[in-house]
There are 2 protein chains.
Amino acid sequence: MTTQINGSVVKAFKILDLFTEGRSELTATEAARALKINMITAHRFLHTLEHIGALVMVSRGVFRLGYLFAELGDRALRDGGLAAALQPVLDQLARDLGEACMATVFERDMAVCIAKALPDRPLYVDIRIGSRLDAFCTAHGKLWLAFMEEDQRDAWLNRTRLQAITANTITSPTALRQELDQIRRDGYAVNNAEREKDIYALAVPVTNRNGKMISALSVFGASASLITQNRPTLLTRLQEAAKSCQTGL
Amino acid sequence: MTTQINGSVVKAFKILDLFTEGRSELTATEAARALKINMITAHRFLHTLEHIGALVMVSRGVFRLGYLFAELGDRALRDGGLAAALQPVLDQLARDLGEACMATVFERDMAVCIAKALPDRPLYVDIRIGSRLDAFCTAHGKLWLAFMEEDQRDAWLNRTRLQAITANTITSPTALRQELDQIRRDGYAVNNAEREKDIYALAVPVTNRNGKMISALSVFGASASLITQNRPTLLTRLQEAAKSCQTGL
DNA sequence: AAATTAAATTTCAAATATAGAAATATTAAA
DNA sequence: TTTAATATTTCTATATTTGAAATTTAATTT
């Protein structure tokens, strides 16, 4: 057998996950319904999480996220130092290109946004720090898959179903393998509105001195020109930026 | 009796708290020692937290914070919208004054840093988002105590021991009460190196249209002049800034 | 203002999941 | 290769959690 997992802790985090799914307030009844658990149990977990400081009760039975997570989140981002090291590069990149940029790491089968920089325009496409991006239908995700150890990639392909999300999503494992081969040859990945309609992206890997991929940088936005006319220019700047990161790592 | 608290969840967060106390990596043996729990138990909790995605195993038995918290932290900060609303005010303030500035809320008996802006200088005093500041020996903390409901303040005073941290820490309840009365009269609070040697601060409350205190703003740094020669000027600017927040809330 | 309803909270016994001892596996150091 | 230290698994007594039922609280309708 493998190490035994504590069910209470799992349940507590399932409740916390409800907050990441767009809710900002939660009651015992809502949590119970959403997770299909007993309402009394939900009630007790909410109170336990409040006792700890993870949640704050705003009125009888109504809970919000507490600032405890602000600290843990801040630590998670700065402990590797990666996010901090990449931030100035992203800032410069976003200024230069006039488009939103971000950096990811790969964790639990998905690309996770660890830093971003937004363009100085009134309207732009934004992403939340900590957001998790599907591996098979995003530029970052495909990049990570492409540069992953082969056996890990195979394992990933075996356990993941390629469910169509937009008209452009790649849903055939064979097609995806071909795409990943291409990405490895090209050294960059494209998202052609495969995850969200009208959202395009161009991503390149960031490697350390040993050639190991430690992050990925991208430009993203609502303009298809990112991956058509402007692709060569953007690509050059992205690759320069990715290279300039190495010195700081 | 009161709602029963789930011990497993409490234990899980005690382990996570070890990370906020300056550690970036943890093993079962270390956790067990730090929390005086059985090593096998610690081992299982670490694995449970990894299973959930709260931690990541970097090598056999060695764990780091996962980026799950980046998302929860981001949500916690933006859900109230307070941090986002105050950020531009802080940025401007830090630029104008050439000193570090921050904003807090009051949660679980302490002032919690929810936003900050740093001066454009090579060396400066920094604070981590999410850091919790003792109520009795910081400018923010004393401000919150001063403007709190009287019965809550009394309850707080009853359950808290005023332990000296620096030579300037106020340790007598009577003296603290007098200080809080003074703060209420003045409308601002000072930290005269009461929490950290050579760290000074000046803080003012942010109120909403109903006059309820919803945040606090401060200038802080390593220069005593913050609370001596420059106090009048800084105070004026802080109070203007605090006032300007109201429109955004 | 009283009655009604819905949800939150507490109490208690049964069921279950957790804790820790002991054994084993793994890694690093000598 | 041996030794030592720590990580991991197995097993079962026991402490903890669970959920039904009862009670309290607050909001909504009459």
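In this predicted model, the side chain of A:F13 is buried, its relative accessible area being 3%, a value that falls under the 20% limit for that class.

**Aromatic pairs**

A pair of aromatic rings is described by how far apart the centres are and by the angle of the planes. Over all chains, a search of the whole structure returns six such pairs. In one of them, the ring centres of A:F13 and B:F69 are 6.3 Å apart and the planes stand at 70 degrees, so the arrangement is edge-to-face, given that planes over 60 degrees apart are counted in that way. Because A:F13 belongs to helix α1 (residues 7-20) of chain A and B:F69 to helix α4 (residues 68-80) of chain B, this pair joins two chains. B:F69 counts as buried, with 0% relative accessibility.

B:F69 also pairs with A:F69: here the centres are 5.9 Å apart and the planes are at 20 degrees, so the rings are stacked, since the angle is under 30 degrees. A:F69 sits in helix α4 (residues 68-80) of chain A and B:F69 in helix α4 of chain B, so this pair likewise joins two chains. A:F69 is buried too, at 0% relative accessibility. Ring pairs bring A:F13, A:F69, B:F13 and B:F69 together into a cluster.

**Relation of the two chains**

**Salt bridges**

Over all chains, the structure holds 20 salt bridges. The table gives three of them.

| Salt bridge | N to O distance |
|---|---|
| A:E179 and A:K142 | 2.7 Å |
| A:E194 and A:K142 | 2.8 Å |
| B:K197 and B:D198 | 3.1 Å |

A:K142 takes part in a salt bridge with A:E179 and in another with A:E194. In the pair with A:E179, the glutamate lies in helix α8 (residues 173-186) of chain A and A:K142 in helix α6 (residues 139-146) of chain A, so the contact ties together parts that are 37 residues apart in sequence. A:E179 is partly exposed, with a relative accessible area of 25%, whereas A:K142 is buried, with a value of 0%.

In the salt bridge that joins A:E194 to A:K142, distant parts of the chain are again linked: A:E194 is in the loop between β6 (189-192) and β7 (200-207) of chain A, and A:K142, in helix α6 of chain A, is 52 residues apart from A:E194. Both of these residues, A:E194 and A:K142, are buried.

The salt bridge between B:K197 and B:D198 has another setting. B:K197 counts as exposed, at 66% relative accessibility, because exposed residues are those over 50%, and B:D198 is partly exposed, with a relative accessible area of 38%.

Elsewhere in chain A, a network of salt bridges links A:D96, A:R237 and A:E240.

Note on methods
Residues numbered from 1 in each chain as written. Chains lettered and ligands numbered in written order. Predicted model: local features only at pLDDT ≥ 70, side-chain atom pairs only at ≥ 80, totals over all residues. Heavy atoms only, no water. Phe/Tyr/Trp six-rings, centres within 6.5 Å; stacked < 30°, edge-to-face > 60°. Helix = DSSP H or I, 4+ residues; strand = E, 2+ residues; numbered from the N terminus. Buried < 20%, exposed > 50% of the residue type's maximum accessible area, 1.4 Å probe, protein only. Salt bridge = Lys/Arg side-chain N within 4 Å of Asp/Glu carboxyl O.
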